[in-house]
Amino acid sequence: MQFSIIMPVLDQERYLAEAIGSVQAQTFDDWELLVVDDGSTDASLAIAQRFARDDPRIRVLRHPDGGRHGAAASRNFAIRQARGRWLAFLDGDDLFLPRHLATHVAAFAAWPQARCIYGATRWLDEASGATRDEDLGPVAGHCHAPPDLVRRIIVNHEGEVPCTNMVTMERAIALEVGGFEEAFNLFEDQTLWVKVFARHPVGVIADCCAIYRQHPRSTSARSERGDLPGYVSPQEASRQFLCWMRDWLDQHTAPDAALDGALGLWLDRFDARATVRLKARLRVRAAMVGRRLRWRIARRFSRR
């Protein structure tokens with residue numbers, strides 16, 4: 001078994017059949033799909049079970065208590081039961097494009113040192129039908145040694161942080177680092193990215209092979225409305241995530257001056273002293289504008 005695809009589901013009856021169908025439509029067919037029902041109260045569980053009866057590659061899982069535990073806990077639950085060499089992730093309201101798995105297989109072959117691969121996601125606004133492909137920035141097209149992408153992507157945002165549905169990794173390293181941090185409702189995906197990017201080589205492909213739906217019940221929309229369990233403001237969620245990252249890196253990795261300096265600057269944006277906060281926010285903004293401008297200039301000249 002090459003791929004185990006992890007799909008947490010909570011009340012997604014409207015989209016689930018299409019999401020599962022996008023897995024079945026993969027041109028690379030050595031996979032299993034683990035659908036984890038996270039306490040749905042609609043027809044999601046019945047839909048998943050119907051697909052599983054017809055396709056032995058699909059397994060439906062439920063938490064032992066049948067309750068609701070969140071996306072991070074549901075993914076971790078499935079990871080522990082997966083059989084594949086590699087993990088891929090797809091939420092029950094998103095879609096894989098047909099060559100998603102094949103593209104990642106080719107990337108692992110091109111970069112045999114890579115333990116994780118990610119690429120760009122297409123964002124689909126359900127209301128308007130408008131789409132936008134993520135800009136991964138100058139890191140695309142390269143395999144990066146650790147902890148390069150923690151500093152450049154997770155902290156400094158030199159390109160967009162990958163969506164869950166465009167990340168694949170060896171199952172062994174997800175287990176090694178303990179999976180997703182289950183205390184987070186926001187940034188829970190990035191907790192695993194930090195752990196993996198800090199320890200292992202990661203390849204970044206320019207290909208766009210998955211679709212993230214934006215709709216009223218999506219996590220991003222619910223966050224904007226303050227409609228998530230244990231809600232905290234996006235600013236406070238960011239502060240908590242950065243503090244967790246600092247502590248985790250201190251405990252599990254060797255010091256890295258460039259990363260430590262960048263992370264310290266971002267944390268200064270939340271300092272109790274107003275002058276420190278203002279100075280840090282101005283420096284962060286100026287640095288981000290400068291990096292984006294340099295990237296756009298380099299990209300323009302590369303096309304000539």
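Me: What share of contacts in the protein chain between residues at least 6 apart in sequence joins residues at least 24 apart?
Reply: The share is 76%. A contact here needs heavy atoms within 4.5 Å. The model is predicted, and the figure is computed from it.

Me: Why does the radius of gyration of the protein chain agree with a compact globule?
Reply: Because a compact globule of 304 residues would have a value near 19 Å, and the protein chain has 19 Å. The C-alpha atoms fill a box of roughly 60 × 45 × 40 Å along the principal axes.

Me: How many of the residues count as buried, as a percentage?
Reply: Buried means under 20% relative accessible area. In the protein chain, 52% of the 304 residues are buried.

Me: What makes a set of residues a nonpolar core?
Reply: Its members are buried nonpolar residues joined through side-chain atoms within 4.5 Å. The largest such core has 55 residues. Tyr118, Met169, Trp193, Val196, Phe197, Met245 and Leu249 have the most contacts inside it. Helix H9 (residues 234-252) gives the largest share of this core, 7 residues.

Me: Which residues does Leu249 touch, leaving out those up to four places away in sequence?
Reply: Leu249 touches Val150, Val194, Ala198, Leu259 and Leu263.

Me: How far apart are the mean positions of the positive and negative charges?
Reply: They are 6 Å apart, for 41 positive and 39 negative charges.

Note on methods:
Residues numbered from 1 in each chain as written. Predicted model: local features only at pLDDT ≥ 70, side-chain atom pairs only at ≥ 80, totals over all residues. Heavy atoms only, no water. Rg over C-alpha atoms; globule rule 2.2 N^0.38 Å. Buried < 20%, exposed > 50% of the residue type's maximum accessible area, 1.4 Å probe, protein only. Lys, Arg positive; Asp, Glu negative; His and termini not counted. Charge placed at Lys NZ, Arg CZ, Asp CG, Glu CD. Helix = DSSP H or I, 4+ residues; strand = E, 2+ residues; numbered from the N terminus.
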